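Visitor: I would like a tour of side-chain packing and pairing. Please show me the model.

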Amino acid sequence: MDRSHKLTCFFSLILFLLIPISVKSQPTPDEINFVRQGVRRFIFDDAHTLPLATLNPKEIVGMSAMYPVSHYATAHAEIDIQQGQLQIGSDTETQTAVWFGGFNPFATYTLDLAKCKGDGSIGFEFSDAQKTKRFLITIDYRDHQLIDVHQTIIQQGKPLSHASIATSLSEQVTVQGKLILQMLGSGLTLYSQQKDELPLPIAQSDFSERLDLRKKEYLYAFQSSLYVHLNRGSVQVNQVTATLGSGMGLADIRAMTYEDGTPLLDQGRLWYTMTIRGRALPHHTQGVFSMDPSVFDLRFEGVIVFDRQDGILRNEVASHIFYDRNDEVWRGITTGFSAFANPDEHKQLLAVESTKDPRFGFSIMQATPFGVVGDIEDPHILYDQEAKKWRILTCENNDGYKAILLESDTWNRDYQRIAGPVLHNSTGTSIQWIGGKRYCFSGSQEREIFLYSYPDLQEAGTLNMDLPPWDEESGTRVWPNVVELPTGYPFRYVALMMDRFNYPGLKGPNWTYGAVYLYHGYEGSK
């Protein structure tokens, strides 16, 4: 064997030995083991709120200017502050409204009641400054017992409707404690919380056909008041607050990204959109959260609603929001679930855009239909630089929700299907970089998280998980939400997922899951 042939064999051997090393350094998603690190369910958690307004009796100096009072009866109740509590009392029938803030149809309003004596009603009034249009949610009580819950709509000073909306009342439901009113745009749910117990749903309503509080005119003009109707006796109030909050369940967790699908890791934190659960559809709200991926410090950052230029603010959810570095603008795709509140509308995907950073506070993104109409949801969009195409991975109802891939030359129009539907039931579809290559992820009802190749959606295995976010009884259609981290972290992959345990005590259809589960991913054998 001559010298040149020996060298050829030597270099071939070296190349052969290097190939496994190269391949091994580029893991596939099914070679990653995800180990559960923690779980939390945030239930009207004070740490996950953004303040809008507060009536705190301990802070009041100059009641008449800070919290103006309106009287609706000839006799006026006596109003005083004693021992850090607002006290309203009367020996005869009185109706009193104490202003405490503006109005937001997606806010949570909390009334912390210390004591009620005698009989009457107490709750919230939302109205214009002239009191010609009023919307009231009140509880009726006798001494310490909660008797009923009413919703009242008044137009031009005349009652349009007055009806009980109570769903669950018992002798155990007393007046003392907190009343938590979760406004849901086109509906509401009222909870009673006794001491440190789980809040109990006691009333619910859908009212948009009579009064659509999502209209921007109400955000601009309505104000919020503590309302007290006394037949006799008194009430003592610890505090009244209005907040944007994280509700009692979080779902549809998706990492915010840049236009190419790279996760948005900003200020040392990953940024997520999550659905703040209300009750059913269309009651949910799009929340924004952040987290340092090295720990479990989930932080509620903001709420996004959507404007289709029709005078209504829409609480669409299951969004994917990205920052387009080329045009320096925030964009995304959301799912038009608000159509369920309007009988003449159809569910569809919407292209959304904002020059304001929508991660913080209360944000409004402009929303536009772009022709993807039907039972389609959970979109994930990115620009594929190699293909020079915009692509959306989403779920379409084809005898059950199935993943499909759409493609266009433009981010917000003219999409055509190029792959799918897949064989398996799909939910929470997303596209993520793993080892320098894109893969498609999807939850399912089959107790698996499925992996697919990109862009042709060929099956590529399932995700390995320690303690998945379900048990033998619960639903398994979760959102995978896998993110690859840069070097420097003690693990290379992180995933936030939710479970599908509905909140107890609500009546009728509801999608009120769930808790948030944190996983760290490590490469290695199964």
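This is a predicted model: local features need pLDDT of at least 70, side-chain atom pairs count only at pLDDT 80 or more; totals for chains, interfaces and linings use all residues.

Visitor: Is Y67 buried or exposed?
Guide: Buried means under 20% relative accessible area, exposed over 50%, and partly exposed in between, with a 1.4 Å probe and protein chains only. Y67 has a relative accessible area of 7%, so the class is buried.

Visitor: Which parts of the chain does the pair of Y67 and W99 tie together?
Guide: Helices (H or I, at least four residues) and strands (E, at least two) are DSSP runs, numbered from the N terminus. W99, partly exposed at 28%, lies in strand β6 (residues 94–102). Y67 lies in the loop between α2 (63–66) and β3 (69–71), so the pair joins parts 32 residues apart in sequence.

Visitor: What is the geometry of the pair W271 and F360?
Guide: W271 is buried at 1%, whereas F360 is partly exposed at 32%. W271 is in strand β18 and F360 in the loop between β24 and β25 (361–373), 89 residues apart. The centres are 5.3 Å apart with 75° between the planes, and the pair is edge-to-face.

Visitor: Which residues do ring pairs link into a cluster?
Guide: The cluster includes Phe and Tyr rings joined pair by pair. Its members are F100, F103, Y109, F124, F126, F135, F207, Y218 and F222.

Visitor: Which residues touch the most other members of the largest nonpolar core?
Guide: A nonpolar core is a set of buried Ala, Val, Leu, Ile, Met, Phe, Trp, Tyr and Cys residues joined through side-chain atoms within 4.5 Å. In soluble globular proteins, nonpolar side chains tend to be buried together. The largest core here has 97 residues, and those touching the most other members are Y109, I122, F135, M183 and L226.

Visitor: Which residues does F135 contact, leaving aside neighbours within four places in sequence?
Guide: Contact means heavy atoms within 4.5 Å. With those neighbours set aside, F135 is in contact with F124, E125, F126, Q151, T152, I153, M183, L188, F207, L211 and L213.

Visitor: How many salt bridges does the structure hold, and what is the N to O distance for D252 and R277?
Guide: A salt bridge is a side-chain nitrogen of Lys or Arg within 4 Å of a carboxyl oxygen of Asp or Glu. The structure holds 28. D252 is buried at 8%, and R277 is buried at 4%. Their N to O distance is 3.7 Å.

Visitor: Which residues are linked in a network of salt bridges?
Guide: E353 and R331 meet at 2.6 Å, N to O. E353 is partly exposed at 30%, whereas R331 is buried at 10%. The network links D324, D327, R331 and E353.

Visitor: Which ring does the charged end of R325 sit over?
Guide: A charge sits over a ring if NZ of Lys or CZ of Arg is within 6 Å of the ring centre and within 35 degrees of the ring normal. R325 also forms a salt bridge with D260, the closest N and O atoms being 3.4 Å apart. The charged end of R325 sits 4.3 Å from the centre of the ring of Y258.

Definitions and conventions. Residues are numbered from 1 along each chain as its sequence is written. Side-chain values use heavy atoms; hydrogens and water are left out. Rings of Phe, Tyr and Trp (its six-membered ring) pair if their centres lie within 6.5 Å; planes under 30 degrees apart count as stacked, over 60 as edge-to-face and the rest as tilted.
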